[in-house]
Amino acid sequence: MELAQVNIARLKAPLTDPQLADFVAALDPVNAIADAAPGFVWRLQTEDGNATAVRAFEDDGPEIIVNMSVWRSVEHLAAFTYSGQHRELLRRRREWFERMREAYTALWWVPDGHRPGTAEAEERIRHLREHGPTPHAFTLKVTFSPESDAPAPGWRCPA
């Protein structure tokens with residue numbers, strides 16, 4: 001099994017706005033770091049090399065952008081998410097994105113080789129919003145192994 005993840009964000013301004021210039025400038029370098037990271041398998045992208053043009057999660061608003069990827073494990077995803085340049089961008093996210101009151105990220109296990117689409121990702125976030133973390137959709141703070149219906153013991157989110 002591989003770990004799928006999706007996260008969405010509501011932009012404070014259009015991507016062409018100077019307010020988002022640092023975020024837009026960081027997309028290619030951070031995506032290159034992700035692509036080379038241990039445990040990285042796949043990420044959603046268009047011919048531009050990122051997913052900012054992908055339209056999904058329309059019920060959350062037209063200014064939503066989506067990031068989706070597949071990793072070998074929770075630990076691999078967390079190591080990338082909370083280290084280096086990506087961690088620095090996370091620290092600045094309030095400059096570029098509105099605070100979302102509902103769940104905006106979800107993780108779930110997929111069979112090796114499966115690449116989730118945006119409809120699947122949206123269903124996982126909606127499930128997490130309605131039911132909280134379960135084996136069907138969970139978070140980095142409350143994870144599940146592919147073999148268990150109980151939260152993974154011993155894992156501590158580094159955030």
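Predicted model: local features only at pLDDT ≥ 70, side-chain atom pairs only at ≥ 80, totals over all residues.
**Stop 1: strand β1**

Start by selecting residues 2-10, which make up strand β1. How many of the nine residues in this strand are buried? Eight of the nine are, so the strand is mostly covered.

To see one of the pairings, pick Val-6: its bridge partner in β4 is Ala-106.

Next, show residues 64-71, strand β3. Here too the pairing with β1 is antiparallel, this time over eight bridges. Select Ile-8 and look across to β3, where Val-66 stands opposite.

**Stop 2: from β1 to a loop**

Stay on β1 and select Arg-10 together with Glu-63. Their side chains meet in a salt bridge, with 3.0 Å from N to O. Arg-10 belongs to strand β1, whereas Glu-63 sits in the loop between β2 (40-43) and β3, so the pair ties together parts that are 53 residues apart in sequence. Is Glu-63 buried or partly exposed? Its relative accessible area is 29%, and Glu-63 is therefore partly exposed.

This pair is one of the salt bridges in the structure, which holds eleven. In general, side chains of opposite charge can pair when their charged atoms come close.

**Stop 3: two salt bridges within helices**

Move to residues 84-91, helix α3, and select Arg-91 and Glu-88. Both residues lie in this helix, three residues apart, which is about one turn. They form a salt bridge whose closest N and O atoms are 2.8 Å apart. Colour the two by accessibility: Arg-91 is exposed at a relative accessible area of 58%, while Glu-88 counts as partly exposed at 36%.

Then go to helix α5, residues 118-131, and select Arg-126 and Glu-122. The closest N and O atoms of this salt bridge are 3.0 Å apart. What separates the two residues along the helix? They are four residues apart, about one helical turn. Arg-126 is partly exposed, with 22% relative accessibility. Glu-122 has a relative accessible area of 19% and is buried, because the cut-off for buried is under 20%.

**Stop 4**

Val-24 is partly exposed, at a relative accessible area of 35%. Val-24 and Trp-96 are 72 residues apart in sequence, and the line spans 9.9 Å.

**Stop 5: a positive patch**

Which residues form the positive patch? Select Lys-12, Arg-94, Arg-99 and Arg-101 to show it. Of these, look at Arg-94, which is placed in helix α4, residues 93-96. Arg-94 has a relative accessible area of 32% and is partly exposed.

Definitions and conventions. Residues numbered from 1 in each chain as written. Heavy atoms only, no water. Patch = residues over 30% accessible without salt bridge, like charges linked within 9 Å, V, L, I, M, F, W, Y side chains within 5 Å. Areas by Shrake-Rupley, 256 points an atom, 1.4 Å probe, with all protein chains shown as cover. Salt bridge = Lys/Arg side-chain N within 4 Å of Asp/Glu carboxyl O. Lys, Arg positive; Asp, Glu negative; His and termini not counted. Charge placed at Lys NZ, Arg CZ, Asp CG, Glu CD. Buried < 20%, exposed > 50% of the residue type's maximum accessible area, 1.4 Å probe, protein only. Pairing = 2+ DSSP bridges.
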